Amino acid sequence: MKTNQLRAMLKNNHLVPPVAPKRVKQLEAHGHIRVDEYYWMNDRDNPEVIDYLNAENHYLKSVMEPTEALQEQLFQEMKGRIKEDDESVPYYKNGYYYFNRYEKDKEYPIYCRKKEHLNAREEVMLDVNELAGDAAYFQVGSLGVSQDQRLLCYSFDAVGRRIYNLAIKNLVDGSMLPDEIEAVTGNFCWANDNRTLFYAKQDPETLRSYRIYRHALGTPQEADELLYEETDDTFTCHVRKSKSQQFLFIVSQSTVSTEYRVLPADSPSEDWRLIQPRERDLEYEVEHAEDHFYVLTNAFGAKNFQVMRAPVATCGKEFWQEFIPHREHVLLEGMEVFKNHLVLEERFYGLGRLQVRSWDGISKHYIKMDEPVYTVWIAQNAEFYTHILRFGYNSLCTPSSIYDYDMDSQSRELMKQQEVVGGYDASAYRSERCWALASDGTEIPISLVYSKRLFNKNGTNPLLLYAYGSYGYSMDPTFSSSRLSLLDRGFVYAIAHIRGGQEMGRYWYEDGKMLKKKNTFTDFIACTEFLKREKYSASDRMFAMGGSAGGLLMGAVINARPDLFKGVVAAVPFVDVVTTMLDESIPLTTGEFDEWGNPKDKKYYDYMLSYSPYDNVGRKAYPNLLVTSGLHDSQVQYWEPTKWVAKLRDHKVGDGLLLLYTNMVAGHGGASGRFKALKELAMEYAFIVGLVE
């Protein structure tokens with residue numbers, strides 16, 4: 001990339017940036033006073049706040065004006081690789097093949113089905129493009145078809161705050177039922193009588209999913225019966241249906257505890273039955289097959305989880321019997337039940353794997369994978385009476401692929417591989433797995449990919465390091481056609497599988513949360529230093545990116561080591577940790593006390609305060625920084641990144657770029673639609689590419 005773009009951006013950085021007014025707000029806890037001069041930004045309806053956000057957006061546009069051609073080039077590249085008239089692999093359920101497809105130049109999917117066989121006439125169930133119209137934001141959440149296949153219920157959000165409405169369509173004549181259920185979570189399921197819906201509703205202030213209702217078609221929402229209310233504000237609840245379609249479940253869960261209630265799906269008016277009362281540190285998931293419930297659980301000391309089973313009639317913990325034992329070095333993440341087979345989704349030494357076994361355990365095997373670094377998952381498997389498993393596979397080099405696997409013959413058929421328009425040669429790229437040594441001696445896996453033609457292990461390649469490291473979410477090495485725009489410009493792309501995720505087992509997660517959270521940050525620093533030491537890149541060519549809790553990671557790392565990176569992208573970053581976790585009116589707060597700790601307890605307050613990015617901003621030469629946000633974000637409120645940028649502007653030294661972009665019509669996930677989202681990614685990539693000298 002020509003250096004004139006970098007120079008132009010830095011020159012434009014001397015434009016006058018917005019200066020946020022300071023208004024002292026004292027926040028006291030445990031006898032300690034924090035002063036927050038930007039607390040006033042916590043008011044979405046304040047015109048002064050909106051004016052400031054618009055001013056920041058204008059400033060960003062002015063500074064990045066030299067990259068506008070590059071942004072458009074990146075956007076066209078990324079869009080050009082997408083097969084615009086694409087469709088998913090159909091799956092069979094209850095007499096129909098279901099699939100979705102996209103049409104050229106359209107943002108949203110079209111949901112379809114065909115009766116009995118794939119040569120049948122296509123029935124369009126829902127065209128989201130028609131629903132969205134000219135809306136700036138529109139998102140369809142869940143879809144569910146009634147047992148008789150005649151009615152479609154779907155959830156939609158037209159704001160981006162994840163507050164949904166439910167609507168019901170008659171699939172026989174295309175008419176809409178008068179039923180519309182407003183301001184709910186979007187979670188629902190049908191009973192087997194084809195006229196009863198169960199759905200979850202959120203608290204209007206905190207957005208915590210806390211109530212389950214029963215709705216009878218043809219009746220107003222005001223008449224819906226409240227069946228269950230979750231009164232513990234550290235728990236949420238939702239409804240789901242068993243794969244067998246015989247049972248409905250109400251699931252209450254917190255970070256460390258679960259509780260299930262069950263109801264026969266044929267009897268929606270009966271009382272729900274408790275499976276196992278909640279206990280702290282007892283987690284479990286329930287599935288049904290024949291006469292038993294199968295329970296994936298950490299009960300009885302099974303840190304990496306095991307499978308138990310119990311008769312449907314007597315299913316409390318005292319009746320659970322070991323079915324798949326706990327293994328110290330294998331994390332059991334999920335299971336799929338079939339008539340003659342059980343499939344286990346496992347994680348071993350940082351990689352996923354699938355074990356297929358007969359119910360008696362006599363026959364069992366692992367599905368072979370073709371690459372040393374990959375991602376595998378159980379895909380859509382709606383049918384119980386089948387010997388075919390559908391699974392997904394990709395890697396940093398291999399596009400997303402869907403396979404049908406014969407569990408008896410152990411043969412597989414590739415049903416579809418993501419098409420990269422314009423041609424893609426996987427052999428032109430190389431992926432690696434390497435290991436960094438953390439400060440406490442722990443080995444941290446890193447996945448990398450780069451162009452064989454453009455890579456030189458001499459420190460000259462630019463490198464983008466990505467990580468998340470929270471909630472036990474594993475950041476698997478997956479394919480991205482958009483990422484090719486970096487790789488084909490000589491970038492190395494790396495994923496740091498740091499603690500706080502679950503790549504190496506349950507202990508990996510527990511060693512990166514609560515009072516061990518700083519391991520997440522020091523692991524990332526160790527990975528950065530390893531990549532520099534091994535000459536994958538150098539400090540003046542290294543970049544970092546993370547979003548949400550990964551944005552917290554970015555903030556903590558640049559406070560601790562502002563020298564490590566040329567530039568950082570922090571997307572919807574959770575950076576005002578102490579203030580947020582003290583405010584139980586904010587969505588997600590109470591449900592995350594077992595992730596971060598409750599700062600009403602002084603030991604957690606002190607620990608959070610020691611790493612909270614907003615509270616630890618200092619007079620430092622921070623790297624070039626692009627921060628993104630969404631005005632309607634319900635997970636990380638827009639004022640966190642906004643306040644953080646304002647405080648950084650006041651404290652940072654040097655000429656580094658500091659830019660804030662707020663999507664004024666979207667929430668946590670950014671723009672809706674498959675192409676609008678690419679515009680934002682192109683901006684982020686242009687920021688990075690434009691800084692490469």
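**A walk through the fold**

Let's start with Phe-524, which has a relative accessibility of 0% and so counts as buried. Keep in mind as we go that this is a predicted model. You'll find Phe-524 in helix H7, which covers residues 518-533. Leaving aside neighbours within four places in sequence, Phe-524 is in contact with Leu-465, Tyr-466, Ala-467, Ala-496, Ile-498, Ala-544, Leu-553, Met-554, Val-557 and Phe-565. For a sense of distance, take Asp-511: it is 13 residues from Phe-524 along the chain, and the C-alpha atoms of the two are separated by 14 Å.

Now for the core. Phe-524 belongs to the largest nonpolar core, which has 114 residues. Together with Ile-446, Leu-531, Trp-644 and Phe-687, Phe-524 is among the residues with the most contacts inside that core. Which helix gives the largest share of this core? That's helix H13, residues 676-690, with eight residues. Have a look at Leu-531 too: not counting residues up to four places away in sequence, Leu-531 touches Ile-446, Leu-448, Leu-463, Leu-465, Ala-494, Tyr-536, Ser-537 and Met-542.

Next, the aromatic rings. A pair of rings is described by the distance of the centres and the angle of the planes. The count here comes to 36 aromatic pairs. One of them joins Phe-138 and Phe-156, which are stacked at 5.9 Å centre to centre with 10 degrees between the planes. Phe-138 lies in the loop between helix H4 (128-132) and strand S7 (139-145), while Phe-156 is in strand S8 (residues 151-157), so this pair ties together parts that are 18 residues apart in sequence. Both Phe-138 and Phe-156 are buried.

Tyr-424 and Phe-479 make an edge-to-face pair, 5.3 Å centre to centre and with 65 degrees between the planes. Tyr-424 sits in the loop between strands S30 (411-417) and S31 (429-437), and Phe-479 in the loop between strand S33 (463-466) and helix H5 (484-487), so the pair ties together parts 55 residues apart in sequence.

The charged end of Lys-243 sits over the ring of Phe-338, 3.8 Å from its centre, and the charged end of Lys-647 sits over the ring of Tyr-614, 4.6 Å from its centre.

Let's finish with a pair of strands. Strand S1 (residues 25-29) and strand S2 (residues 32-36) run antiparallel, joined by five bridges. Leu-27 stands opposite Arg-34 in S2. What do S1 and S2 form? They make a hairpin with two residues between the strands, and His-30 in the turn has a positive phi of about 55 degrees.

Definitions and conventions
Residues are numbered from 1 along each chain as its sequence is written. This is a predicted model: local features need pLDDT of at least 70, side-chain atom pairs count only at pLDDT 80 or more; totals for chains, interfaces and linings use all residues. Side-chain values use heavy atoms; hydrogens and water are left out. Rings of Phe, Tyr and Trp (its six-membered ring) pair if their centres lie within 6.5 Å; planes under 30 degrees apart count as stacked, over 60 as edge-to-face and the rest as tilted. Helices (H or I, at least four residues) and strands (E, at least two) are DSSP runs, numbered from the N terminus. Buried means under 20% relative accessible area, exposed over 50%, partly exposed in between (1.4 Å probe, protein chains only). A charge sits over a ring if NZ of Lys or CZ of Arg is within 6 Å of the ring centre and within 35 degrees of the ring normal. A nonpolar core is a set of buried Ala, Val, Leu, Ile, Met, Phe, Trp, Tyr and Cys residues joined through side-chain atoms within 4.5 Å. Contact means heavy atoms within 4.5 Å. Two strands pair if DSSP finds at least two bridges between them.
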